[in-house]
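Let us read this structure together, one feature at a time. Ask as you go.

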Amino acid sequence: MKKFEIFVVTAPGLEKPLAAEIADAGFKKPKMMPGGVRFRGNWQDVWRANLCLRGAVRVLARIDNFQAMHLNQLERLIADMPWRQYLRTDVPLKVDVATQKSKIYHAGAAKERIERGLATAVGAPISAEADVVVKARIDNNMVTLSLDTTGESLHKRGHKAAVAKAPMRENMAAMFLRQLGFDGSQPVYDPMCGSGTFVIEAAEIAAGLLPGRSRSFAFEQLATFDAEAFAALRVSESHAPSARFMGSDKDAGAIRMAGENASRAGVADWASFAQKSAGEITAPDGPPGIVVVNPPYGARIGDKKGLFALYASFGKALTQHFSGWTVGIVTTDTGLARATGLPLETPFATVVHGGLKVQLYTCEVP
């Protein structure tokens with residue numbers, strides 16, 4: 001199958017762990033770019049990237065690039081492309097355009113012309129609600145065309161019906177776990193688990209479950225899709241993990257949600273949740289593992305002043321009961337991290353999360 005450029009989008013700041021995940025998954029020569037990682041592959045690689053990459057937000061198939069200096073030229077070049085290799089005449093399309101430093105400077109006008117060119121070449125209906133999206137980026141008069149092969153963001157695994165306030169996205173949780181050295185063999189404990197994202201993600205990784213196993217993708221509506229070949233890719237071997245994955249939270253509703261989400265994900269046998277405050281936690285029996293937590297930052301939930309006591313109480317419990325464990329704390333605020341009293345460091349890039357810049361603070365508990 002002919003190869004082309006595949007661009008895997010992630011949260012800015014997580015390009016490095018995503019590139020490592022892509023290499024570990026057997027994709028060839030991944031190269032980090034701002035906002036994602038690119039590599040060359042074919043359509044089966046596109047399907048597999050959507051299905052198995054935990055750090056991905058979406059997967060773009062780069063199908064062409066050319067120079068265009070004015071709108072008439074843009075429309076003509078679009079109309080002349082062999083779109084029916086990729087697109088079906090019966091599947092609605094959506095067009096997204098971004099333009100900068102180009103003679104074609106009006107994104108809305110460019111979008112209209114691309115839609116007209118697609119109408120000539122394909123004849124499929126245009127809809128703002130379409131799952132199949134043609135993306136055009138016009139930069140220094142160069143037009144790069146991609147197909148969004150994902151649809152709904154890949155952090156939506158298809159299992160989490162209930163979420164708590166300020167939830168951690170699954171793709172970010174997976175990359176933070178990777179940065180903390182998680183390989184599936186260590187126990188993981190989240191003492192402010194909310195709807196259970198870190199715990200469920202860790203259990204899935206340890207069990208060898210594919211992140212996209214329960215959802216659909218936009219590429220299933222493309223002319224390039226082979227249902228039989230994709231069904232073969234979906235088949236994977238999972239196994240019962242040897243480690244345990246635990247969460248606790250002071251909120252009874254969060255514990256209920258986390259348990260329900262774990263059941264939907266098929267990991268309830270290996271994930272457990274208990275109601276307790278972060279200052280009451282104790283280490284489970286067995287070898288040290290990873291404590292990972294996305295506590296309140298103050299930017300989203302209430303006033304930051306009251307959070308220093310929470311972080312201090314949490315840090316004290318870790319110091320007393322979790323010696324030898326690796327701890328990872330995701331927060332926007334260095335002062336809050338220091339309030340734990342732990343010798344935390346920030347060896348990883350800042351990550352953009354919901355308009356906020358967060359960092360993963362980490363250390364081994366003395």
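Q: Which residues of H6 are buried?
A: Buried means under 20% relative accessible area; over 50% is exposed, and in between is partly exposed (1.4 Å probe, protein chains only). In H6 the buried residues are Thr-197, Phe-198, Val-199, Ile-200, Glu-201, Ala-202, Ala-203, Glu-204, Ala-206 and Ala-207. That is ten of its eleven residues, so H6 is largely enclosed by the rest of the structure. Gly-208 follows H6, and its phi is positive, near 75°.

Q: Where do these labels and values come from?
A: This is a predicted model: local features need pLDDT of at least 70, side-chain atom pairs count only at pLDDT 80 or more, and totals for chains, interfaces and linings use all residues. Residues are numbered from 1 along each chain as its sequence is written, and side-chain values use heavy atoms, with hydrogens and water left out. Helices (H or I, at least four residues) and strands (E, at least two) are DSSP runs, numbered from the N terminus.

Q: In what order do the seven strands of the open sheet stand?
A: Strands of a sheet pair through backbone hydrogen bonds, either parallel or antiparallel. Two strands count as paired if DSSP finds at least two bridges between them. Here the order is S10-S9-S8-S11-S12-S14-S13, an open sheet with mixed pairing. S10 (271–275) and S13 (351–353) stand at the edges with a single partner strand each, so one side of each has no neighbour in the sheet. From one strand to the next, the twist averages 25°.

Q: Which strands does helix H6 touch?
A: Contact means heavy atoms within 4.5 Å. Axes are lines fitted to C-alpha atoms, for helices over the stretch in contact; angles run from 0 to 180 degrees between N-to-C directions. H6 (residues 197–207) packs on the sheet and touches S8, S9, S10, S11 and S12. Its direction makes about 175° with that of S9. Helix H9 (residues 307–321) lies across S11 and S12, at about 170° to S12.

Q: How many bridges join S12 to S14?
A: Six, and the two strands run antiparallel. Take Gly-328: its bridge partner in S14 is Thr-362.

Q: Is Pro-295 buried or exposed?
A: Pro-295 is buried, with a relative accessible area of 3%. Pro-295 sits in the loop between S11 and H9. Leaving out residues up to four places away in sequence, Pro-295 touches Met-192, Tyr-311, Ile-329 and Val-330.
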